[in-house]
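User: I have a protein model to read and would like to go through it step by step. Please answer some questions about it.

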Amino acid sequence: MAGLKDKRGFIDRDRLDLSERQAVEHWMKRWGVTREQLTAAHRKAGRNIKDIAAELGKKR
C-alpha cells in the first residue's frame, strides 16, 4: 500500500492498524477474509503484515 493515504495521513505498508478503515478493507479484500478473521489474526500475530498473512495462511 505504498503511498496510500487517507484523511489522517500515510498508512504504513508493513504494519496493520485496525483503526485505519481503508487499510483493513484492502487486506480483507486481498486475502478474502472477514473483519473478524483479520482481527483475530492481528491479535494473535501482532501488527506486522507478514506475520498476519502467515497466521491466515496467505501470501503477503
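User: How many Å² does the accessible surface of the protein come to, and what share belongs to carbon and sulfur atoms?

Analyst: This is a predicted model, where local features need pLDDT of at least 70, side-chain atom pairs count only at pLDDT 80 or more, and totals for chains, interfaces and linings use all residues. Residues are numbered from 1 along each chain as its sequence is written, and side-chain values use heavy atoms, without hydrogens and water. Accessible areas come from the Shrake-Rupley method with a 1.4 Å probe, and for residues only the protein chains shown count as cover. The surface comes to about 4200 Å², and the carbon and sulfur share is 45%.

User: In what order do the elements run from the N terminus?

Analyst: Helices (H or I, at least four residues) and strands (E, at least two) are DSSP runs, numbered from the N terminus. The protein has 3 helices and 2 strands. Their order is β-β-α-α-α.

User: Why do the buried residues of H3 line one face of the helix?

Analyst: Buried means under 20% relative accessible area, exposed over 50%, and partly exposed in between (1.4 Å probe, protein chains only). In H3, residues 49-56, the buried ones are Ile49, Ile52 and Ala53. Seen down the axis of H3, they line one face because the directions from the axis to their C-beta atoms fall within an arc of 100°.

User: Which helices do the buried residues of H3 pack against?

Analyst: Contact means heavy atoms within 4.5 Å. The face of H3 turned away from its buried side carries the exposed Lys50 and Ala54. The buried residues pack against H1 (21-31) and H2 (35-45).
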